[in-house]
Amino acid sequence: MNYLIPVSRKLTKEEQQYIKEDFENILTQQIIISQLSNGISYQDTENMDNYERIFIFKKLIDMKKEENDAKLKAIEDAKQKR
């Protein structure tokens, strides 16, 4: 994916900041997807469109939360059995 800043006109500071934040959000999503998944590489995320990347990002976060909740429940159950 190529995220070039438009050069057809001078951008305001606000526009530059928005583009920078959007770019950083995309990179963050790509990094988290590649770290949380077992089979998706960072390079794979380069070929994803915005909807696909955000969907997978949210799904992986939800799955990680469910995994953490299950671990906490197992720990609580083990403590109560003592």
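A salt bridge is taken here as a side-chain nitrogen of Lys or Arg within 4 Å of a carboxyl oxygen of Asp or Glu. The structure is a predicted model, in which local features need pLDDT of at least 70 and side-chain atom pairs count only at pLDDT 80 or more, while totals for chains, interfaces and linings use all residues. Residues are numbered from 1 along each chain as its sequence is written, and side-chain values use heavy atoms, with hydrogens and water left out.

By the salt-bridge rule the count comes to three. One of these joins aspartate 77 and lysine 73, whose closest N and O atoms are 3.3 Å apart. The two residues are four residues apart in helix H3, a separation of about one helical turn. Helices (H or I, at least four residues) and strands (E, at least two) are DSSP runs, numbered from the N terminus. Aspartate 77 is partly exposed, with a relative accessible area of 31%, and lysine 73 is exposed at 54%. For these terms, buried means under 20% relative accessible area, exposed over 50%, and partly exposed in between (1.4 Å probe, protein chains only).

Glutamate 67 takes part in a salt bridge with lysine 64, at an N to O distance of 3.6 Å. Glutamate 67 also forms a salt bridge with lysine 71, at 3.4 Å from N to O. Lysine 64 and glutamate 67 are three residues apart in helix H3, so about one helical turn separates them. Lysine 71 and glutamate 67 are four residues apart in helix H3, again about one helical turn. Relative accessibility is 34% for lysine 64, which counts as partly exposed. Glutamate 67 is partly exposed at 36%, and lysine 71 is partly exposed at 47%.

Arginine 53 lies in helix H3, which covers residues 50-81. Arginine 53 is buried yet has no salt bridge, and the nearest side chain of opposite charge, that of aspartate 22, is 6.5 Å away. In assigning charge, Lys and Arg count as positive and Asp and Glu as negative, whereas His and the chain ends are not counted. The side chain of arginine 53 makes a polar contact of 2.5 Å with the side chain of asparagine 50. A polar contact is a pair of N or O atoms within 3.5 Å; within protein, one must be able to donate a hydrogen and the other to accept it, and residues adjacent in sequence count only if both atoms are side-chain atoms.

The aromatic count comes to one pair. The ring centres of tyrosine 51 and phenylalanine 55 are 6.3 Å apart and the ring planes are at 20 degrees, so the pair is stacked. Rings of Phe, Tyr and Trp (its six-membered ring) pair if their centres lie within 6.5 Å; planes under 30 degrees apart count as stacked, over 60 as edge-to-face and the rest as tilted. Tyrosine 51 and phenylalanine 55 are four residues apart in helix H3, or about one helical turn. Tyrosine 51 is exposed, with a relative accessible area of 64%, and phenylalanine 55 is partly exposed at 48%.

Helix H1 (residues 13-36) has 24 residues and reaches 34 Å from its first C-alpha to its last, close to the 34 Å expected at 1.5 Å a residue. The expected span is 1.5 Å times one less than the number of residues in the helix. The buried residues of H1 are Ile26, Gln29, Gln30, Ile33 and Ser34. These residues pack against helix H2 (42-46) and H3, with contact meaning heavy atoms within 4.5 Å. Isoleucine 75 is found in helix H3 and is partly exposed, with a relative accessible area of 44%. The C-alpha atoms of isoleucine 75 and glutamine 29 are separated by 30 Å, the two residues being 46 residues apart along the chain.

Serine 37 is placed in the loop between H1 and H2 and is buried, with a relative accessible area of 12%. The side chain of serine 37 reaches the backbone oxygen of isoleucine 33 at 2.8 Å.
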